[in-house]
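Dear colleague,

Please find below the structure that I am handing over to you. My notes on what was found in it follow directly after.

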Amino acid sequence: MCSSDLPSRQPDYPAYLTRQLTEVRARIKTVDLATGLAVAAVGVVAYTLVMIMADQLAVLTTATRLGLLLAVVGVVVAYLLWAVVRPGVRRVNLMYAAREIERTDPSTKNSIINWLQLRSRSEEIPETILKAIERRAASDLAKVEVGDAVQLHHLVRVSYVLAAVVVLFCIYS
């Protein structure tokens, strides 16, 4: 985000900060769900490749194939429940989203986290101090590209593994 994203007259810093944190939370959840689905896809494609190879090397009985298929379906369903459904229904913590943003730009020096922690105790803090903290957090957040706050390296690695398994599958066919 650039500084022009901040409102020019009577800035509503809390709304701006909340909107940006909500966007980061949504991105974190999307990346986590995509990573979980990609890992499941790697498992299914790898299982299929291994079973084709095993069946060609040693002809498997129908009962063996069915037993292994049921075991893999059970494992994949359990994994999807744990890695996709469970995170899908949970909310990403605002503190975690703020930490991810601040990790991308160390110059923020915890200003967003400080704002989150202090806004819940706004009755204990003088309004001028709270407004200054809000202004600083909004200013720091405006310098950060919010899209960069979400780490994609796990999803990228899993995607590479999926591509490699698919290529092996195609080569073997």
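Helix H1 and helix H4 (residues 111–119) pack at an angle of about 115°, and their axes are 12 Å apart. Angles of 65 to 115 degrees count as roughly perpendicular, and H1 and H4 are therefore roughly perpendicular to each other. Please note that this is a predicted model.

The crossing in which H1 passes H4 is left-handed. On the H1 side, the contact is made by Pro14, Leu17, Thr18 and Leu21, and on the H4 side by Ile112, Trp115, Leu116 and Arg119. Sorted by class, the contact of H1 with H4 has six nonpolar residues, one polar and one charged.

H1 also meets helix H5 (residues 127–142): their axes come within 9 Å and cross at roughly 40°. That angle makes H1 oblique to H5. The crossing of H1 and H5 is left-handed. Tyr13, Pro14, Tyr16, Leu17 and Gln20 of H1 make this contact with Glu134, Arg135, Ala137, Ala138, Leu141 and Ala142 of H5. Eight of the residues in the contact of H1 with H5 are nonpolar, one is polar and two are charged.

By class, the contact of H1 with H2 divides into 17 nonpolar, two polar and four charged residues.

I turn now to the largest pocket. Its volume is about 510 Å³. The largest pocket is lined by 22 residues, of which Ile28, Lys29, Val31, Asp32 and Tyr96 are the closest to its centre.

Which helices each supply at least two residues of the lining of the largest pocket? They are H1, H2, helix H3 (94–104) and helix H6 (153–172). The lining of the largest pocket has 10 nonpolar, five polar and seven charged residues.

With kind regards

Methods: Residues numbered from 1 in each chain as written. Predicted model: local features only at pLDDT ≥ 70, side-chain atom pairs only at ≥ 80, totals over all residues. Heavy atoms only, no water. Nonpolar A, V, L, I, M, F, W, Y, C, P; charged D, E, K, R; others polar. Axes fitted to C-alpha atoms, helices over the stretch in contact; angles between N-to-C directions. Helix = DSSP H or I, 4+ residues; strand = E, 2+ residues; numbered from the N terminus. Parallel < 35°, antiparallel > 145°, perpendicular 65-115°, else oblique. Left-handed = near helix turned anticlockwise from the far one by under 90°. Contact = heavy atoms within 4.5 Å. 1 Å grid on protein atoms, 1.4 Å probe; cavity = no way out; pocket = protein on both sides within 12 Å on 5 of 7 lines; lining within 4 Å. Points joined across faces, edges and corners; volume = space filled by probe spheres on them.
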